[in-house]
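I'll jot things down as I look them up.

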Amino acid sequence: MTEKITAGIFLAFMGWEDSRGKTVSVRKILLFFAGSLICTALKIKEVPGELWDVSRDVMLGSLPGISLLLFGKLSGWAVGSADGIIVLVLGIYLGFWQVLSVLSGAFLTAVMAAGFLLAVKKKDRKYEIPFIPFLFAGMMFSIITG
């Protein structure tokens, strides 16, 4: 639970910055990445089997972020690179299933917000919505649902 709260705090700060300027400071992303690596390293005790378990969890956890970065590259960066990197770091920090839970909540809230903007605010489909605030919403949903 502490990992989710810590990640939620980082996402809150980065989401605020993303919603204000549609950009995120590289320093904040690097700080989040360094913190996730340190916490992941602290999970390893001196048991050789645990090194393999943590390595496997890091590799599996990074798959959603790598997929998002690949999708961003193929779509001409319709999904920002910072979004993909943050999901990659979340995957390393939280693990595969937890990052999928966060992404599910983020995609659900993003679709609802986009639908609202299309219907009520009369925005077109090319209107860019910052995604990190939705990652924060997905993280809060994940914390609440357990």
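Which helices each supply at least two residues of the lining of the largest pocket? I note that this is a predicted model. I find α3 (48-74), α4, α5 and α6 on that list.

**The largest pocket**

I looked up the volume and got about 830 Å³. The lining has 30 residues, and the closest to the centre are Ala-78, Val-79, Glu-128, Ile-129 and Phe-131. α5 gives the largest share of this lining, with 6 residues. I also sorted the lining by type: 19 nonpolar, 8 charged and 3 polar.

**The second largest pocket**

Here I read a volume of about 190 Å³. The lining counts 14 residues, and Lys-43, Asp-57, Val-58, Leu-94 and Gly-95 are the closest to the centre. α2 (26-43), α3, α4 and α5 each bring at least two residues to this lining. By type, I get 8 nonpolar, 3 polar and 3 charged.

**Helix α6**

Next I went to α6, which runs over residues 132-145. This helix has 14 residues and spans 20 Å from first C-alpha to last, close to the 20 Å expected at 1.5 Å a residue.

Which residues of α6 are buried? My list reads Ile-132, Phe-134, Leu-135, Gly-138, Met-139, Ser-142 and Ile-143. A reminder to myself: an α-helix has 3.6 residues a turn, so residues three or four places apart point the same way. Among the elements that cover the buried residues of α6 are α1 (2-21), α4 (81-94) and α5 (96-119).

**Ser-142**

Is Ser-142 buried or exposed? Ser-142 is buried, because its relative accessible area is 2% and buried means under 20%. Leaving aside neighbours within four places in sequence, I find Ser-142 in contact with Lys-4, Ser-101 and Val-102.

**What the record says**

I checked UniProt too: the unreviewed entry places "transmembrane region" at residues 65-93, 99-120 and 127-144. I compared two of these spans with the model. Residues 65-93 are 79% helix and 0% strand, and their end C-alpha atoms sit 12 Å apart. Residues 99-120 come out at 95% helix and 0% strand, with 31 Å between the end C-alpha atoms.

How values were computed
Residues numbered from 1 in each chain as written. Predicted model: local features only at pLDDT ≥ 70, side-chain atom pairs only at ≥ 80, totals over all residues. Heavy atoms only, no water. Helix = DSSP H or I, 4+ residues; strand = E, 2+ residues; numbered from the N terminus. Buried < 20%, exposed > 50% of the residue type's maximum accessible area, 1.4 Å probe, protein only. Contact = heavy atoms within 4.5 Å. UniProt positions renumbered as here; feature names shortened; annotations may be inferred. Expected span 1.5 Å × (residues − 1). 1 Å grid on protein atoms, 1.4 Å probe; cavity = no way out; pocket = protein on both sides within 12 Å on 5 of 7 lines; lining within 4 Å. Points joined across faces, edges and corners; volume = space filled by probe spheres on them. Nonpolar A, V, L, I, M, F, W, Y, C, P; charged D, E, K, R; others polar.
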